[in-house]
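Colleague: I have the file open. Can we go through a few local features, starting with helix packing?

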Amino acid sequence: MRKINDFSRYKNILPYDSEIFGVYQPMIGWKSKRIRQRIEKGFSADLSKAREQLFKRFRGNFEMVLDERGVLQKISRLENGSGDVPRKGAMGSFVIENLTRELPPLERYDERIWDRLIDADRIKTTLNQEVIPKVTEWYKTAQDGRANPRSVETANELAAEQLQRESTVAGYVLHLKQTKQYETLKQLFYKQDNQLANLQKLLSFKDPLDYMDPFKDLDRAGLSPIGIVHLFRQYFFEFDTFLGSPVGHVWLSPGSSVELVEVSTRRTLVERTLETSLETVLRTEKSLTEEDELSQAVKEDNKSDTKFGMNATANQSWIGGSASASASMDMANTQSKAREVSHKHMRQQTEKISTEIRKNYKSTFRTVTETTDTSSKRYVLNNTTPDLLNYEMRRKMRQVGVQVQDIGTYLCWQTYVDDPGRQLGIAKLVHLAKGPEVGEIPPPEAIPMPQPVTTDLNIDIPFVPKTEDTLPEDDMDEVYAEGKEVNLDTNEGEPEQIQWKFGGFKAQCDQPGYEYGEAGFISFDYGGNDIRLQLDEVQEDTPGAIRFSVRVKHVNFRNVSPLRVVAKITWQPTKKLNDEVTAQNEQKIKEFNEKSKFEYEQAFVEAARDRINKMSRIEPRKYEDLREEERIVVYRCLIQDMLTKGLPMPDDRTRHVVSELLNTIFDIDKMLYFVAPEWWRPRLHRSHQGLGGIRKPSTVVPAAAPAGGSVHAQIKAKLTKNLVTAAASAIENTQIASMDTVSWGGTHDNRVDNYYITEESDPAKLGASLGWLLQLDGDNMRNAFLNAPWVKAVIPIRPGKERAAMNWLQRLHVEGTDGLDDNYVAPLDELGKIPHSGPNVTIRDAINHLCDVVADKHAKSMKVGRYPGDEINDDNRVSATPVDKVYEHGFYPLQGGFRALQGGEDFEVFDQWVEVLPTDQVVPVPVAYDPKTGRQL
């Protein structure tokens, strides 16, 4: 390839292609209302943060007295705050204002002033005599006419906040003086060239634009809502073709031929899978119940009545007296015995036969469509000579000329839309996770709690006389109460007495782990004997062994001695035995819960893996649809909130008028938006990969155990409650445990943006490692849009409508008119070209002149002229507009290769160069080589 020095032979070659591109340039303008409000919003946020950082490590010391309604009555105490490290800055403090009044000017500064000015007593006096009255006065003013509790509470909080501030300020200043940090005090009150003073200066500014240097900062701040787009067009001309370097060699023997085939193959594989499943359940159930009941009652009543009588009367007389004796005997003996035997027998037999047949059918149809597109090029080489020929295969190259032309200038309106992605919806993947197989885990059988047991002890109560005239053969058929005869005849004298206290009985429980304890008791089975006993004293020798005594409250031996009584002793399980059984049940519950929890965790991990795989394979939506949605979001903010703000639109029937009016002024369809990178405002939307959870199966929630139910039911209810609790805790934790993840390490080094992958998942989207908010079906540009702090929207103004657009933006209070009447600073030659009515050129005059210049340039682009202008031969000139002149007359060499645009040279071709492009064609070229040197001849 040779360098082209003379382009004259390529004149009048028409371009085969063209491409338009533009360069946007923001301009310095007036203090835009919208951008000013945007800066003020951020400025106020900076002020709030600066105040919050004031005296961060100091602790206030004050006391407020409130009445029963919560209203402040008085401030009883306000003292210096204490702390270790002071906060920086000291604005909004009465203490600081009091000290500032007595400070000398900076030129007369002496650090000894702090010894006199800052004193603990002085600070305390200031707190009590100046701060407390001012805060109290403000509080009373704020409470006038406002007695609702919310207002009182708010006023209390504000008063406490101010007292906290004053107390910490006082402590901070005293701390600096006591530690002799005089330089810090000087910086706090005097110097403005350090961070603390700059913070104080920042807090003292009323206007966020006041601390900007208009010569250094204004052009970087981009305060102007007006910008310019310069449009350019590239033209491509076909100059020449040539052969490039060889890409292969072919040798041909004499009289031979070779066929070369260049094949390119494109293979497309489409796979579709259709899966159909059918499940059929056939269930048969048979139930049979049989019951019978038998009751029998037998009563027997025998009564024997024997009655006979004898009456005898005897009279006897003595000397000096007489005696009369009379005897009467009536004996009745009645014996009645009743026995009732009731036997109830119930037999319940249930026979349940259940048969279940489950049939599953699953059909999978897989269709694979493979499309292969093959294109081939065939080259046939013949050697008809008697010599050996060598062919080089060389790629055909194109030599293309490129020229760049200025085709116009547009005036644009630029603005900002904060957090544009908030109005966009985020896709939610619908995925039903398979729950754990909890129903397949059989619940453990609860060990019944030990129940009381009863043992029998035979007690013999003998007839033991206690009086001399008590004889077994005569008195064993008498009734005795507490050892004394009850039925006495008038001639028997003193009542007979027998032994009625018996002791030394010993009982032993035959089951280990039982004791008599406080809950134990003894009952008696008299076996039909006419005797009643009372437990006298019980002593427990060892757990499970007792000694006791009894008292005979009533007895009639009926000539039988001794009488046998069966003592039924009830033993209670020991606390140790109960604890052992409870521990065994708790262990079973724990094992069951651990197994159930493992099932939940396993199911959750499997569901999470499945979701991660499916999430990673979701195809992004069409590029055009995503970009169109983003444009619509930006349009919403611009049209509804700004361009139509303040317009009288009673209903939607008048909106079409506004839309047509806007379209005549702004070229809305050509709107451009520039997405600000996330790093300008990191962590606008902190996000993490969500894994969801799993449902709690209903089978693990049985009905609650009834009150007083069986021990097994109570244990089962407790077990189920623990199971549900463990399941709920597993579901609430939506992160996979560390034991179930693998990494190269470092995942615990305070990295909050970690994400999950599997061996089957596709690579994560852009922003996953940054903690971005991601859209499952979005692309990288959508994810950047969602996390962008703002977008800059640029709407071109239609040519010729520049003045109307400026009037629209100013009159509707979209951008306002602040600063338009300020002087415009520019070189004198530029100021001389700007028409103005006042003594000085204002920014309004400069903007109006700019609108006129752009409109005049557009008017020039519509005029038809003769091109090229320097052509002598009129036959080569064509009639065209300045924008389309290249299309009409074709390539015209640019002398020097580049021409910088000067004033008045609009729509000129100002740059050209030559490009070399390869083609898809290969050309065989015969070559020869010197056999001695190996060089090509």
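Modeller: Helix H15 (residues 802-811) packs against helix H17 (residues 843-861) at an angle of about 145°, and their axes are 8 Å apart. Axes are lines fitted to C-alpha atoms, for helices over the stretch in contact, and angles run from 0 to 180 degrees between N-to-C directions. Helices (H or I, at least four residues) and strands (E, at least two) are DSSP runs, numbered from the N terminus.

Colleague: Where do the coordinates come from?

Modeller: This is a predicted model: local features need pLDDT of at least 70, side-chain atom pairs count only at pLDDT 80 or more, and totals for chains, interfaces and linings use all residues. Residues are numbered from 1 along each chain as its sequence is written, and side-chain values use heavy atoms, with hydrogens and water left out.

Colleague: Back to H15 and H17. Which residues meet?

Modeller: From H15, Glu802, Arg803, Met806 and Gln810; from H17, Arg844, Ile847, Asn848, Cys851, Asp852, Val854 and Ala855. Contact means heavy atoms within 4.5 Å.

Colleague: How do the residues of that contact divide, nonpolar, polar and charged?

Modeller: Five are nonpolar, two polar and four charged. Ala, Val, Leu, Ile, Met, Phe, Trp, Tyr, Cys and Pro count as nonpolar, Asp, Glu, Lys and Arg as charged, and the others, Gly among them, as polar.

Colleague: Next, helix H2. Which residues are buried?

Modeller: In H2 (residues 94-101) they are Val95, Ile96, Asn98 and Leu99. Seen down the axis, these buried residues fall within an arc of 160°, so they line one face of the helix. The arc is that of the directions from the helix axis to the C-beta atoms. Buried means under 20% relative accessible area, exposed over 50%, partly exposed in between (1.4 Å probe, protein chains only).

Colleague: Which peptide bond to Pro562 is cis, and where is that proline?

Modeller: The bond joining Ser561 and Pro562 is cis, with omega about 0°. Pro562 sits in the loop between strand S17 (545-556) and strand S18 (563-573).

Colleague: And Tyr867 to Pro868, what is omega there?

Modeller: Omega is near -10°, and that bond is cis. The loop holding Pro868 runs between strand S21 (865-867) and strand S22 (878-880).

Colleague: What is phi of Phe907?

Modeller: Near 60°, a positive value in a residue other than glycine. Phe907 is in the loop between helix H18 (885-889) and strand S23 (909-927).

Colleague: Is Phe907 buried or exposed?

Modeller: Phe907 is buried, with a relative accessible area of 3%.
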